[in-house]
Every structure is written in C-alpha cells, then in structure tokens.
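Please consider the structure shown here before reading the notes on its sheet, its core and the surroundings of its ligand.

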Amino acid sequence: MSDPTPPARPDQTQNSTPNSAPEFESRDPAAPAFWDERFERGFTPWDQAGVLPAFEAFATAHPDAAVLIPGCGNGWEARWLAERGRTVRAIDFAPQAVAHARAALGEHADVVEQADFYTYAPPFTPAWIFERAFLCALPKAQRADYARRMAELLAPGALLAGYFFIGETPKGPPFGIARAELDALLTPYFTLIDDQAVQGSLPVFEGRERWLTWRRNS
Ligand SMILES: C[S@@+](CC[C@H](N)C(=O)[O-])C[C@H]1O[C@@H](n2cnc3c(N)ncnc32)[C@H](O)[C@@H]1O
C-alpha cells in the first residue's frame, strides 16, 4: 500500500523543541523499520507511560472481555490487563516495540507477539479490540483496510473501543482523521455507542482525542 501523504519530517512526532529534532533514516510508517528506529532511539512522544482513566473505567466495566491490542507499542494497557488476570493479546509488527513491551511485561511477556495486524489470527475471539495511537499511525491509504480488518476480527456485538485522534492533519504520523471521515469509515460495520472527552492526553494529542466505543453490527 502506498502512502500519498508527504513523508513525515523528523520533528513531527515529538514534543520537544524543533532544534532538538532527531534525524531518522526511515520515513515510511508502513514499514516496521520506521517504528523500530524510533523505539531504538527512545523517541516515542505518543507513549503514555501508563494507562489513562477512560481505559481503566472501560476495562473495569468489561471484566470478562478478551482483549486484542493491535500496534501495542510499549504495551502499557496489555500489562495492566495481564497483571489482573485478563485474557489479552498485544501485537506489534516492529521487533523493537515487541522487545520493549515484553521486557516491561516481565512474567506476562508471552501475551505480546510480533505480528502484522492485517494477517494476525488471535488465539481467541476478541470481545474488545483496544485502539490507541494505532489508526493514526497508519498511512491514510490503509484506513479502509483497517476498518475491514477490525470488522473481520470482531463478532457481532463485540466492541472496538479506545482513543481516536480526531481532526485532519496535513502530515503525520500521527495522521488525524476528520470526524466525518471516521464515521464514514466505521459505520458500514459498526454502531457508535459511546463518545467521551478524554482527560490526560499527551501534548501530541491534546484536545483532539475522543474515547469512542463502536459495537460490531450483526
Ligand atoms: C504510534 S505507535 C502507538 C503504540 C501504542 N498503541 C501506544 O499507544 O503507545 C504505533 C504502533 O503501531 C505499530 N504498527 C503499525 N502498523 C502496524 C501493523 N500493520 N501491524 C502491527 N503493528 C503495527 C507500530 O510498530 C507502532 O508500535
């Protein structure tokens, strides 16, 4: 899949001053190497370093949900779930992300797998797929495939819920999506059942994140 969006400038995904922007070799977010390079160099301005209240509230309200986390990065939410005995699989196609997440998960490292979202078959039927900074990490040309794959992975009634980065951005990642475009993307497969403001967003997402819960249509 090609990316029609101009390559990301090295200062686009960070929140430090422009003068401190690192230079990167890899400019294609469709390639694992793009993310590997950033994890290797500790340049992860999207990383929450913990879980936010909306995630905790939703997870607490759905204690029996088997959860899939695509594009898990450092795996904070997977760790939170695994430590509470929840059924969870977290995947990432970048080996460095997987290595970091596995190290952080310690005795629960085996819930993290290196896999591509578009081909991965989870060992259970997820009741919930958690979204955070995954859709906005994908080149825009992949959006229709994202929606189709989410729909394939979830049975009728199951939930796609998490943080969505709203508002078109000229470049990325993160690639923000206009609200109307997001609705058009997901409503062929899903019904929106909850829409909340988000507390505690990182600077890179601040004011433009919503917690959205979508239920897979029958
Ligand atoms: C911006 S990071 C967000 C990580 C994590 N969700 C978080 O909130 O910190 C996006 C992640 O998605 C992963 N990713 C991108 N495309 C992927 C794909 N097709 N399959 C699996 N992981 C993918 C990248 O390797 C990267 O770790």
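The briefing below goes through the model by topic.

This is a predicted model, in which local features need pLDDT of at least 70 and side-chain atom pairs count only at pLDDT 80 or more, while totals for chains, interfaces and linings use all residues. Residues are numbered from 1 along each chain as its sequence is written.

**Sheet**

- Seven strands form an open sheet with mixed pairing, in the order β3-β2-β1-β4-β5-β7-β6; strands (E, at least two residues) and helices (H or I, at least four) are DSSP runs numbered from the N terminus, and two strands pair if DSSP finds at least two bridges between them.
- The edge strands, each pairing on one side only, are β3 (112-114) and β6 (190-197), and the twist from one strand to the next averages 20°, where axes are lines fitted to C-alpha atoms, for helices over the stretch in contact, and angles run from 0 to 180 degrees between N-to-C directions.
- Strand β1 (residues 67-70) runs parallel to strand β4 (residues 128-132), the two being joined by two bridges, and L68 has I129 as its bridge partner in β4.
- β1 also pairs with β2 in the parallel sense, over four bridges, and the bridge partner of P70 in β2 is I91.

**Helices on the sheet**

- Helix α3 (residues 76-83) packs on the sheet and touches β1, β2 (88-92), β3 and β4, its direction making about 160° with that of β2; contact requires C-beta atoms, placed from the backbone, to lie within 7 Å.
- Helix α4 (residues 95-105) lies across β2 and β3 and runs at about 165° to β3.
- E83 is found in helix α3 and is exposed, because 12 other C-beta atoms lie within 10 Å; a residue counts as exposed at 12 or fewer such atoms, as buried at 20 or more and as partly exposed in between, with C-beta atoms placed from the backbone.

**Core and burial**

- The largest nonpolar core has 54 residues, of which A78 and A90 touch the most other members; such a core is a set of buried Ala, Val, Leu, Ile, Met, Phe, Trp, Tyr and Cys residues joined through C-beta atoms within 7 Å.
- Strand β5 (residues 159-165) contributes the largest share of this core, six residues.
- Both faces of β2 are covered, with V88, A90 and D92 buried on one side and R89 and I91 buried on the other.
- Apart from neighbours within four places in sequence, A90 is in contact with I69, C72, G75, A78, A101, V111 and V112.
- R132, whose place is in strand β4, is buried because 27 other C-beta atoms lie within 10 Å, and R132 touches G162 and Y163 when residues up to four places away in sequence are not counted.

**Ligand surroundings**

- Of the 21 residues around the ligand, W35, G71, G73, A94 and A137 come nearest, a residue being near if its C-beta atom, placed from the backbone, lies within 6 Å.
- This shell divides into 14 nonpolar, three polar and four charged residues; Ala, Val, Leu, Ile, Met, Phe, Trp, Tyr, Cys and Pro count as nonpolar, Asp, Glu, Lys and Arg as charged, and the others, Gly among them, as polar.

**Backbone geometry**

- The peptide bond from G172 to P173 is cis, with omega near 0°, and the bond from P173 to P174 is cis with omega near 5°.
- A133, in the loop between β4 and α5 (143-153), has a positive phi of about 50° although it is not a glycine.

Key
Two residues are in contact if their C-beta atoms, placed from the backbone, lie within 7 Å.
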